[in-house]
Amino acid sequence: MMNEPLRRALPPVALVLLAAAGTFALTMGARQSMGLFLGNLNTATGLGLASISLAFAFGQLWWGLTQPFAGMVADRIGAGRVVVAGVLLVALGTFLIPYMTTTLGLVLAIGVLAAGGAGMAGPSVLMAATTRLIPPDKRGMATGIVNAGGSFGQFLFAPIAGAISTAAGWAVALQSLAVMTLLALPAAWVLRGNSMQAAAAPGAAPAKKVGTREAVSRALADRSYRLLCAGFFVCGFHVAFIATHLPGVVAACQLPPAVGAWSIGVIGLFNIIGSFAMGWAVGRWRMKSLLSLVYAARAVAVLVFVLSPKTEAVMLVFAAVIGLTYLSTVPPTAGLVAKFFGPQHMATLFGIVMVSHQVGGFLGAWLGGKAFDWTGSYDWMWYADIVLAVGAALVHLPIREKELPPRVVAAA
């Protein structure tokens, strides 16, 4: 259990939540709004949708791959320094996008710098810092609030980016997003500290200390952890496809471009509701059951959308329904990792789950562009969404939702 002087040094819960949720809002808002500029990039560079989608897809993969390593660094030297480096990289990469005219240049700006920075200041580090700084009885709702921050950023940034793009051009809009992300820098001071400062429940016994390598090995050997990774792969596929290609879906349906911006914004708005609701539900029902319910709801929502006429109203209603489930998978997924292994290696172990998520994200973003190039529509991607969502709903059912024995609780 954490000693009393260290406990008194922890910042107030509200400040922790503001810092973590605010950082996620700024990095996620900038990153999730980039799909709005896919058509502009295609027109400006002439590279083709598939090539530009490759840069976005690489960004999905790299965002995931950076997170376990960022988590390891945060667990050792503190989350604050990692967040600073991540925010600066997001701003730099986003600012450079309009100057890139080749596929390699776009991969560097979008896929390496912006996505890598967003991964460093992303869910694995932010959720772990929140878990570390907040007592266990408040963690369920806290992770929901942090997750809602990312959704609020998406809701806020997409219309702003669309408005600036209309008034001053898409390049100015992107660079404005880059500058806005720098507002997250002060949050690093609040989130500073490493895994040795994890808040413990009153009366809790100290966890047996386990090295990072051993903690990772034991996690990967656990069947429930592997099933959790498999389900999160599907989440990444859905989220990346929609974030990257929903404006293209709107265009293919011959709807006004503003519908694309508003649809992404509506997804973010309703995901705030979904995240709060999930944060509340995590402390009341089994997390694996909640995850199965979310994926089943996605399957039904996509099926109804595919069968419906593509009007502005249908598009916005679909965005609202998808928004309720969009990132509401994060609180129960993070909650299960913390429940299985404790908070001390949380950034590392949740970062590995995020890698699985982003492998799915790579395929969702890249195959979306390839499917449109091959067939002239996104229909096959929607069919894949439905099948994968049903699979994810089923794969969570065998998860054994209980704490692992004390001997395998990971500590710093």
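Two residues are in contact when they have heavy atoms within 4.5 Å of each other. With that in hand, we can look at this predicted model. Of the contacts in the protein with a separation of 6 or more, 86% are between residues 24 or more positions apart.

Residues are numbered from 1 along each chain as its sequence is written, and side-chain values use heavy atoms, with hydrogens and water left out. Since the model is predicted, local features need pLDDT of at least 70 and side-chain atom pairs count only at pLDDT 80 or more, while totals for chains, interfaces and linings use all residues.

Let's start with the overall picture. The protein has 18 helices and zero strands; here helices (H or I, at least four residues) and strands (E, at least two) are DSSP runs, numbered from the N terminus. Of its 412 residues, 58% count as buried. Buried means under 20% relative accessible area, exposed means over 50%, and partly exposed lies in between, using a 1.4 Å probe and protein chains only. The protein exposes about 15,700 Å², and carbon and sulfur atoms supply 71% of that area. Accessible areas come from the Shrake-Rupley method with a 1.4 Å probe, and for residues only the protein chains shown count as cover.

Now to the aromatic rings. Rings of Phe, Tyr and Trp (for Trp, its six-membered ring) pair if their centres lie within 6.5 Å; planes under 30 degrees apart count as stacked, over 60 as edge-to-face and the rest as tilted. By this rule there are 13 aromatic pairs. In one of them, phenylalanine 362 and tryptophan 366 are stacked, because their ring centres are 6.0 Å apart and their planes meet at 25 degrees. Both residues belong to helix 17 (residues 346–375), where they are four residues apart, about one turn of the helix. Tryptophan 366 is partly exposed, because its relative accessibility is 28%.

Compare that with tryptophan 380 and tyrosine 383: their ring centres are 5.3 Å apart and their planes stand at 90 degrees, so this pair is edge-to-face. These two are three residues apart in helix 18 (residues 379–395), so about one helical turn separates them. Tryptophan 380 is exposed at 59% relative accessible area, whereas tyrosine 383 is partly exposed at 36%. Elsewhere, Phe241, Phe305, Phe318, Phe372, Tyr378 and Trp382 form one aromatic cluster.

Rings can also have a charge above them. A charge sits over a ring if NZ of Lys or CZ of Arg is within 6 Å of the ring centre and within 35 degrees of the ring normal. Phe305, a member of the cluster, has the charged end of lysine 310 over its ring, 5.0 Å from the centre. The charged end of arginine 31 sits over the ring of tryptophan 63, 4.4 Å from its centre. Arg31 and Trp63 are both touched by glutamine 358, as are Gln60, Leu61 and Gly64, not counting residues up to four places away in sequence. Glutamine 358 is in helix 17, and it is buried because its relative accessibility is 0%.

Next, see how two helices pack. Helix 13 and helix 15 (residues 312–325) meet at an angle of about 35 degrees, with their axes 6 Å apart. Axes are lines fitted to C-alpha atoms, for helices over the stretch in contact, and angles run from 0 to 180 degrees between N-to-C directions. Residues making the contact include Trp262, Val266 and Phe270 of helix 13 and Met315, Ala319 and Gly323 of helix 15.

Finally, visit two loops. Glutamine 254 is in the loop between helix 12 (223–252) and helix 13 (257–282). Glutamine 254 has a positive phi of about 60 degrees although it is not a glycine, and it is exposed at 74% relative accessibility. Threonine 101 is in the loop between helix 5 (79–96) and helix 6 (103–120), and it is exposed too, with a relative accessible area of 53%. Threonine 101 and glycine 46 are 55 residues apart along the chain, and their C-alpha atoms are separated by 8.5 Å. Threonine 101 touches Thr45 and Leu47, again not counting residues up to four places away in sequence.
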